[in-house]
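The sequence and the coordinates come first.

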Amino acid sequence: MPVDTRVLAGFPFFRSLQEEELTTLAAQVAEVSFPAAARIFGDGDAGDSFYLIEAGTVEICKPSVDGEAVLNVLHKGDSFGEMSLLDGQPRSAAAKAATAVRLLEVPKTAFLSLVQHNPLILYETALQSDQRLRERDHQWIVELEVRNRHLQRLYDTSLDITRRLDLGEALAAIADRSKELLSADDGCVCLYDTARDILVLDGAARTISPNAGATREAFLSNQTVILSHVGGTELAAPILLEGRVLGVLTVNRPPGSTPFGNDDARLLLLFANQAAIAIENARLYAVAEEKGRIDGELSAARQLQQGLMPKRAPRIPGFQLAGLWRPAREMSGDWYDFFPLPNRQWGIVIADVSGKGAPAALFMALSRSILRAAAAISNSPEDAMERANRLISADSGDGTFVTALFGILNARSRRLVYVNAGHNPPLWRRAGTNELEYLTRTALPLGIDENLRFRARSIELQPGDMLYLYTDGVTEAVAMDESMFGVERLEAIVASAGRPGEARELLRAVDRELRRFTGSHVPFDDITMVALGVKPAPGP
């Protein structure tokens with residue numbers, strides 16, 4: 001049954017059409033309905049229809065790191081789906097029914113014929129697209145301003161809690177700061193008691209129970225939970241460190257106030273991640289302060305620090321990544337790190353804190369958490385290093401500094417963009433020739449001057465290439481005759497050891513030669529290495 005021409009005439013697109021043209025078009029248009037949450041078409045689908053909304057609401061969406069981002073919300077009288085019909089490309093976004101909707105579906109052939117004979121319809125299409133873009137840009141600007149304010153507040157609160165090395169003070173600050181950050185009426189930290197397998201409330205909370213409601217659900221699911229009840233709205237986020245549950249951070253808003261939303265949940269989860277580091281730092285500090293049980297507690301601290309290292313190298317298609325961390329004492333100021341970033345990118349870090357023992361290890365844990373947090377909200381390695389340097393400089397009052405290399409690897413393009421802040425220049429072995437190049441320093445170490453500017457460089461890795469990163473404990477390793485391992489010996493091994501792209505083989509070769517060279521000599525410095533290999537192109 002054809003669509004009533006009066007329905008078509010009610011849309012701005014068709015006001016210029018004559019009755020005969022409306023009648024012809026009505027015979028080709030179908031009326032379709034979708035229930036709420038149904039997908040009308042997907043991102044990347046072929047464009048075969050143009051749609052007009054008779055009733056209901058439609059969301060235009062795009063996949064994002066947080067799941068799915070809503071680009072625009074359309075209502076009765078709006079239209080969508082025209083761009084892929086005009087340019088012949090796949091759909092650039094998805095469309096789904098936000099509510100139950102009733103649509104007019106215009107086939108591609110009918111739409112193209114219509115715009116070919118009626119240029120005014122193209123003009124109407126351009127006007128509506130321009131209006132939608134303006135509305136979307138305005139919405140994005142508003143959202144960006146809100147997020148920037150949230151990130152600034154998150155930095156301020158994270159800096160405050162990471163300064164507190166007393167566990168009681170840290171927990172109190174975490175609870176207070178979480179209430180400020182989320183504009184909540186009540187908040188608390190519940191720590192996990194492994195012996196009794198329960199959550200224990202630290203401090204006092206008027207409305208939050210540690211082993212019930214959103215707090216318990218977040219603990220069991222390891223995810224943020226929003227729960228509404230007669231007492232208001234609860235938002236809880238797990239406090240996680242390397243997969244271990246340290247506890248749960250919960251805030252509450254009273255009845256009548258604005259309920260928590262998804263943006264609040266993301267913000268609290270970010271703060272909970274910082275709280276995990278603050279709690280761990282405070283515990284490490286308490287371990288170091290215990291004079292009577294120094295040996296056992298140093299051993300525990302080493303295990304905790306080992307937990308901060310990657311448990312295994314990530315599997316990145318086309319690459320092989322490997323790391324080795326061997327402290328000279330119970331605790332180390334070295335670390336390396338791998339973590340995923342958006343758009344198939346990976347963060348790679350190797351760093352060395354000046355000094356030895358517990359102070360260097362504590363500063364290492366703090367610096368690691370700061371650099372990770374900075375990388376998560378930065379667009380480039382230099383931006384992340386500048387943010388991290390400002391925070392690290394504020395805490396390096398005794399002259400402690402950190403040499404570090406932070407690189408972002410794009411797995412698609414094989415491009416590595418890096419900042420070398422005073423660290424040992426990594427060795428880059430080119431495929432085919434085995435010639436070595438150095439990734440030279442681009443800046444001074446972190447913690448020396450809070451106003452330092454950082455500069456990045458980039459390299460294009462090729463199949464079969466190898467990249468070797470290390471701390472000075474490798475080249476300064478000492479043999480029984482007091483001779484040093486040295487850079488020349490290291491260069492010879494890196495130039496020849498390991499098949500192209502086999503990072504693990506290269507690390508094993510360097511480690512084997514180091515052990516043979518040093519023999520039974522007690523190591524003076526920590527040894528940390530990272531290797532990145534690009535897998536060779538498959539043969540013919």
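## Basis and overall fold

Residues 24 or more positions apart account for 67% of the contacts in the protein chain with a separation of 6 or more, where a contact means heavy atoms within 4.5 Å. The model is predicted: local features need pLDDT of at least 70, side-chain atom pairs count only at pLDDT 80 or more, and totals for chains, interfaces and linings use all residues. Residues are numbered from 1 along each chain as its sequence is written, and side-chain values use heavy atoms, with hydrogens and water left out.

The secondary structure of the chain comprises 14 helices and 23 strands. These elements are DSSP runs numbered from the N terminus, with helices being H or I of at least four residues and strands being E of at least two. Of the 540 residues, 48% count as buried. Buried means under 20% relative accessible area, exposed means over 50%, and partly exposed lies in between, with a 1.4 Å probe and protein chains only. The chain exposes about 25600 Å², of which carbon and sulfur atoms supply 51%. Accessible areas come from the Shrake-Rupley method with a 1.4 Å probe, and for residues only the protein chains shown count as cover.

## Nonpolar cores

A nonpolar core is a set of buried Ala, Val, Leu, Ile, Met, Phe, Trp, Tyr and Cys residues joined through side-chain atoms within 4.5 Å. The largest one has 85 residues, and Ile174, Trp335, Met385 and Val402 are those with the most contacts inside it. Helix H8 (residues 262-289) gives this core its largest share, eleven residues. A second, separate core has 24 residues and includes Tyr468, Ala479, Leu490 and Ala497.

Leaving aside residues up to four places away in sequence, Val402 touches Trp335, Ala351, Asp352, Val353, Phe363, Ser367, Ile392, Ala421, Pro445 and Leu446.

Thr403 is found in strand S17 (residues 402-410) and is buried, with a relative accessible area of 12%. With residues up to four places away in sequence not counted, Thr403 touches Ile350, Ala351, Asp352, Ala421, Gly422, His423 and Pro445. The C-alpha atoms of Thr403 and Ala443 are separated by 9.6 Å, the two residues being 40 residues apart along the chain.

Helix H11 (residues 381-395) has 15 residues, which at 1.5 Å a residue should span 21 Å; the end C-alpha atoms are 21 Å apart, in agreement. The expected span is 1.5 Å times one less than the number of residues. The buried residues of H11 are Pro381, Ala384, Met385, Glu386, Ala388, Asn389, Leu391, Ile392 and Ser393. An α-helix has 3.6 residues a turn, so residues three or four places apart point the same way.

## Surface patch and loop residues

Met83, Leu86 and Leu112 form a nonpolar surface patch with about 240 Å² of accessible area together. Patches are made of residues with over 30% relative accessible area and no salt bridge; like charges are joined within 9 Å, and nonpolar side chains (Val, Leu, Ile, Met, Phe, Trp, Tyr) within 5 Å. Leu112 is found in helix H4 (residues 108-117).

Asp197 has a positive phi of about 55° although it is not a glycine. Asp197 sits in the loop between strand S9 (186-193) and strand S10 (198-202) and is partly exposed at 42% relative accessible area. Arg344, also not a glycine, has a positive phi near 55°. Arg344 is in the loop between strand S15 (334-341) and strand S16 (345-353), and its relative accessibility of 39% makes it partly exposed.

## Salt bridges

The structure holds 20 salt bridges, each a side-chain nitrogen of Lys or Arg within 4 Å of a carboxyl oxygen of Asp or Glu. One of them joins the side chains of Lys62 and Asp43 (3.3 Å, N to O). Lys62 lies in strand S4 (residues 58-64) and Asp43 in the loop between strand S2 (39-41) and strand S3 (49-55), so the pair ties together parts that are 19 residues apart in sequence. Lys62 is partly exposed at 30%, as is Asp43 at 33%.

Arg102 forms a salt bridge with Glu54, with the closest N and O atoms 3.5 Å apart. Arg102 lies in strand S8 (residues 101-107) and Glu54 in strand S3, so this pair ties together parts 48 residues apart in sequence. Arg102 is partly exposed at 34% relative accessibility, whereas Glu54 is buried at 11%. Glu31, Glu54 and Arg102 are linked in a network of salt bridges. Arg499 forms a salt bridge with Glu505, the closest N and O atoms being 2.4 Å apart, and Arg499 counts as exposed at 51% relative accessibility.
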